[in-house]
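Trainee: I would like to learn how to read a structure. Please take me through this one step by step.

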Amino acid sequence: MPDLLTHLASARVPGAFLRDRRVQALLIFGSFLPDVVSKTLYWAAWTPSDFLEPLHSPLGLLLLSYAAALFVEESLRRPAFAALFGGALLHVAVDMLKDNLGSGSSALFYPFSTREYELGWIDPENVVLLIPLDVAVLALMAWLERRLGRVPQ
Amino acid sequence: MFRNSFYGWKLGAALALAAAMTATSAWRGESIHPPAWRCLAEPERWHGAELRASGPVLSLDRDGFVILWQQVPLRVLAPSAPAKGEEVEIVGVLERDGPCLRARDWRRFPPRARYRWIWEWVSLLVLALILVNFLRHFAFRPEAVRLKGR
C-alpha cells in the first residue's frame with residue numbers, strides 16, 4: 001500500500017504513549033518496513049511480486065525485524081525488535097482493511113498457507129479521502145503527547 | 001538472542017531465512033499470481049486458477065466483455081457489464097474454454113483514482129520526513145557491522 005500517511009497516523013497512536021523517542025522512531029519505521037523493503041525490491045531491483053509475499057506476512061516480518069534490530073546498539077536491541085515488529089504487524093493490520101475484491105494483501109499464515117486475507121473496508125483507490133482523517137489523527141496524537149509530557153527532548 | 005555474540009551468524013541466518021522465504025514464495029507464487037501471457041498461452045495448466053485482472057474495457061458482448069490486461073485481451077464472463085472504455089478490476093477463475101475469466105466480482109475504478117499521484121507524492125514526502133526524524137535519533141556506524149579478523 002503506497003499510502004504511508006495512513007501508516008504513519010496508525011503508528012503514531014501507540015507511539016504517543018512511548019517514553020523513549022528512539023523506540024518511537026523505530027516503531028514508526030517498523031510500520032513502514034514492509035513497504036520500504038518490498039517497494040524497494042520491486043521498483044529498484046525489479047523483483048517480481050511473487051517474491052514479495054512474505055514481506056507482508058508475520059513470519060517474514062519477524063525475520064526482517066530481527067535482522068533490522070541487529071543493526072541497533074546492543075542495549076536497545078530488544079525494545080528495538082519489539083518496536084519494529086510491532087510496527088510491521090500494525091502495517092499488515094492496516095493493509096487488511098483494504099478491499100481487494102476478496103483477494104487480500106496479507107498472507108497471514110505464510111509459509112504454511114498462501115491464502116491472503118482482508119477485511120475489505122476501504123477501497124484502495126479511495127485512500128486519498130483518508131488524508132484529512134490522517135492529519136486529524138496526527139494532530140490529536142501531537143496534542144496528547146504534550147498533555148502526557150512526552151514532548152521531544 | 002539480542003547480544004553481540006555470534007553477531008554475524010545471527011544476522012546471516014535471519015537474512016538467509018528471509019531470502020529463502022521470498023524464493024519459495026516466487027516458486028509457489030506461480031499459482032497465486034500467474035501473468036496474463038502465461039495463463040492465455042497455457043489455459044489447460046491454469047484452468048481453475050483464481051486471477052485478479054484489471055484494465056480498460058475493449059468491447060462488450062452478450063455474456064460479458066473483453067478487457068486489455070497486461071497488454072493482452074482477456075474475455076470476461078460476467079452477469080453485468082461496464083461501459084466500453086471504463087477501467088475495471090476483476091477477480092475470477094480462469095476457464096480453459098476460450099480461454100476466459102469467469103468473474104467472481106468486479107468493480108469500476110472510481111473517477112478519483114486519477115488522483116492516485118497525490119497520495120503517492122504525499123507518501124514519498126512522509127517517507128523522507130520519517131527518515132530525517134530517524135536520523136535525528138540514530139547515527140549509522142558501519143564499523144559496528146563490519147566483520148573483524150580473529
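Mentor: Let us start with some words for angles: under 35 degrees counts as roughly parallel, over 145 as roughly antiparallel, 65 to 115 as roughly perpendicular, and the rest as oblique. This is a predicted model, in which local features need pLDDT of at least 70 and side-chain atom pairs count only at pLDDT 80 or more, while totals for chains, interfaces and linings use all residues. Residues are numbered from 1 along each chain as its sequence is written, and chains are lettered from A and ligands numbered from 1 in the order in which they are written.

Trainee: At what angle do the axes of helix α2 and helix α3 of chain A cross?

Mentor: Helices (H or I, at least four residues) and strands (E, at least two) are DSSP runs, numbered from the N terminus. Axes are lines fitted to C-alpha atoms, for helices over the stretch in contact, with angles from 0 to 180 degrees between N-to-C directions. Helix α2 of chain A covers residues 21-44 and helix α3 of chain A covers residues 58-69. Their axes come within 11 Å, and the crossing angle is roughly 105 degrees.

Trainee: Which word describes how α2(A) and α3(A) lie to each other?

Mentor: The crossing angle is roughly 105 degrees. The pair is therefore roughly perpendicular.

Trainee: Which residues of α3(A) make the contact with α2(A)?

Mentor: Two residues are in contact if their C-beta atoms, placed from the backbone, lie within 7 Å. From α2(A) come A:Gly30, A:Leu33, A:Pro34 and A:Val37. Across from them, α3(A) gives A:Leu61, A:Leu64, A:Ser65 and A:Ala68.

Trainee: How many residues of the contact of α2(A) with α3(A) are nonpolar?

Mentor: Ala, Val, Leu, Ile, Met, Phe, Trp, Tyr, Cys and Pro count as nonpolar, Asp, Glu, Lys and Arg as charged, and the others, Gly among them, as polar. In this contact no residue is charged and two are polar. The nonpolar ones number six.

Trainee: Which element gives the most to the side of chain A that touches chain B?

Mentor: Between the chains, 40 residues of chain A are in contact with 43 residues of chain B. The elements of chain A that give two or more residues to this side are α1 (4-15), α2, α3 and α4 (77-95). By class, the side has 24 nonpolar, six polar and 10 charged residues. With six residues, the element that gives the most is α2(A).

Trainee: Which element of chain B has the highest mean pLDDT?

Mentor: pLDDT is the predictor's confidence in each residue, from 0 to 100. Chain B averages 85, and 91% of the residues score at least 70. Among its elements, helix α2 (residues 36-41) has the lowest mean, 83. The highest, 93, belongs to strand β2 (residues 64-69) of chain B.

Trainee: In what order do the strands of the closed barrel of chain B run?

Mentor: Two strands pair if DSSP finds at least two bridges between them. β1(B) (residues 50-60) and β2(B) pair in the antiparallel sense over three bridges, and β2(B) pairs in that sense with β3(B) (residues 72-77) over six bridges. β3(B) and β5(B) pair in the parallel sense over three bridges. The barrel has mixed pairing and five strands, in the order β1-β2-β3-β5-β4.

Trainee: Which residue takes a positive phi in the hairpin of β2(B) and β3(B)?

Mentor: Most residues other than glycine have a negative phi, and most peptide bonds are trans. This hairpin has two residues between the strands. The residue with a phi near 50 degrees is B:Gln70.

Trainee: Where is B:Pro99 found?

Mentor: A cis peptide bond joins B:Gly98 and B:Pro99, with omega about -15 degrees. Chain A has a cis bond from A:Tyr110 to A:Pro111, with omega near 10 degrees, and A:Pro111 is in the loop between α4 and α5 (131-148) of chain A. B:Pro99 sits in the loop between β4 (87-95) and β5 (100-108) of chain B.
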